[in-house]
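The stops below are given in the order in which to select them.

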Amino acid sequence: SQPKLNGGESASEPLGTLASPPRRLAMACPPCPPSPLARVRLDDVAPHDGAAAPGYARAVGALAASLARRGAAVVEIPAADAAVVRCALESARAFFRGRHAAYLYRAGRNLEDGELSPACMADAFRCLGKAARAALCAIARHLRLRTDVFNQLLDDTPLPVNEVSSSELLVAYTHEQLQSGQTLMGCPSRSSMPQVDRGFVTLVASDYPGIEVCDPNGHWYLADGVSGPNNLLLLTGRALSHVTAGLCPISQYRVTNENRASLTFRLVPHANAILDCSPILAAGHCIRRVYQPIPASQFMDDSYAEEHAVSSHLEEPSESQGNFVSDPSLRSVLSDPLSGAFLEDAMVLQCGHSFGGVMLKKVIEMARCTICNGEVDPSSLFPNLALRAVATVVKMEDDRRLFHNAALRKRRKDVTEHTDVLKRTGSSKVCIIL
């Protein structure tokens, strides 16, 4: 079956296509309303083995088009998962008893002494996490990538023993706290101000509408007008925009209604991940210099600090589409903007600018500096030894960190596999010992 868009439109039809009015009424008709959000079923965009179902490509295209044109999409989850979400929303109202409060849940975290948690949080975390990962796979497929290309940046599934998930589920009775956890840490509420999330994707389930999203044209609209436990509002965050080199825009949203219970699941990269655009580059897409590899922990910390340092930037609609990094990182300065390789072969031009790698070859071919447009004489180039030395040192530190992260991931995987083996063979070992 074809995935349906909001209002019953088929995903195979162009977004925003309306029946053409009679020619004599063309001048009297009001302007066509903006295209509705794509409404796709989770089963239609879920990862699959073997050949894809006929409606898979249409569902993926509709989802990606809605994110690009409207900044959001709606994912319809199966009835069984909707029942879990409904239970979690009801338990939120019962848990908070009408008080303006929120609770942040992470899988694997043990409750502290005296701490209470709303019911159904583990099941809701599992259901929303599955939907968020499926949406991320669909976005990757639309970009001509493998559907599992971003899985290495996420927590292992199932989550290893004694490990806490990086992703989070925020359950709230009011949306005063629905903004990346600021209120939970004692920061002032900004529920009515524009905001963006720092993770990959965000799914919001609520029992009453109240979230507005800004489209690429700067127009705000009510995005969750058809709210319910089976309808999840899909938003994209900064981490996804970074690893896709800006091909996937950032969703900017604001909360206009606080009298509601809500579940907000944020799919966040694990702290040891390295966010880079190598899959995008391998797929043939162009990458701007600003999108350089960066540890996920540093990326999240920088984004968090920026959100709090310059709150006025949250009111600018261009924030959702433009580059949010105000200053270049050391890694980006010491890297080739085309290939991303460190400038271990840096050469100095007559104008004083230095290049290396693929960009150096391009500059020599053009015989002009790409920064100041000055003429370049290949015979006058000479090595920039200082820049080469700094690039080599930074590259060694990056390699050491990447090796450490890879070793840590392997050790976690080995411990999980060993634990599973002990669980499967535990009874037989007991019999042998006896």
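Which two cysteines form a disulfide, and how far apart are their sulfur atoms? Select cysteine 87 and cysteine 120: they form the disulfide, with 2.3 Å between the sulfur atoms. The coordinates are those of a predicted model. Searching the whole structure turns up one disulfide. Its two ends lie 33 residues apart in the chain, cysteine 87 in helix α3 and cysteine 120 in the loop between β3 (102-105) and α4.

Stay on cysteine 120 and check its backbone. Its phi is positive, about 70 degrees, although the residue is not a glycine.

Next, select helix α3 (residues 79-96) together with helix α4 (residues 121-142). Their axes are 9 Å apart and the packing angle is about 135 degrees. That angle makes α3 oblique to α4. The crossing of these two helices is left-handed. To see the contact, show side chains for Asp81, Val84, Val85, Ala88 and Ser91 on the α3 side, and for Met121, Asp123, Ala124, Cys127, Leu128 and Lys130 on the α4 side. Coloured by class, the contact of α3 with α4 has seven nonpolar residues, three charged and one polar.

At what angle do α2 and α4 pack? The angle is about 90 degrees, and the axes are 9 Å apart. The two helices are therefore roughly perpendicular to each other. From α2, select Tyr56, Val60, Leu63, Ala64 and Leu67; they meet Ala135, Ala138, Ile139, Arg141 and His142 of α4. By class, the contact of α2 with α4 comprises eight nonpolar residues, one polar and one charged.

Now move to the loop between α4 and β4 (168-172), where proline 158 is placed. Select threonine 157 as well: the peptide bond from threonine 157 to proline 158 is cis, with omega near 0 degrees.

Finally, colour the chain by pLDDT. The protein averages 76, and 69% of the residues score at least 70. Which stretches stay under 50? One is residues 1-33, for which the model has 47 contacts beyond four places in sequence. Another is residues 175-190, where pLDDT is below 50 and the model has 50 contacts beyond near neighbours in sequence.

Note on methods. Residues are numbered from 1 along each chain as its sequence is written. This is a predicted model: local features need pLDDT of at least 70, side-chain atom pairs count only at pLDDT 80 or more; totals for chains, interfaces and linings use all residues. Side-chain values use heavy atoms; hydrogens and water are left out. Axes are lines fitted to C-alpha atoms, for helices over the stretch in contact, and angles run from 0 to 180 degrees between N-to-C directions. Helices (H or I, at least four residues) and strands (E, at least two) are DSSP runs, numbered from the N terminus. Angles under 35 degrees count as roughly parallel, over 145 as roughly antiparallel, 65 to 115 as roughly perpendicular and the rest as oblique. A crossing is left-handed if the near helix is turned anticlockwise from the far one by less than a right angle, and right-handed if clockwise. Contact means heavy atoms within 4.5 Å. Ala, Val, Leu, Ile, Met, Phe, Trp, Tyr, Cys and Pro count as nonpolar, Asp, Glu, Lys and Arg as charged, and the others, Gly among them, as polar. pLDDT is the predictor's confidence in each residue, from 0 to 100. A disulfide is a pair of cysteine sulfur atoms within 2.5 Å.
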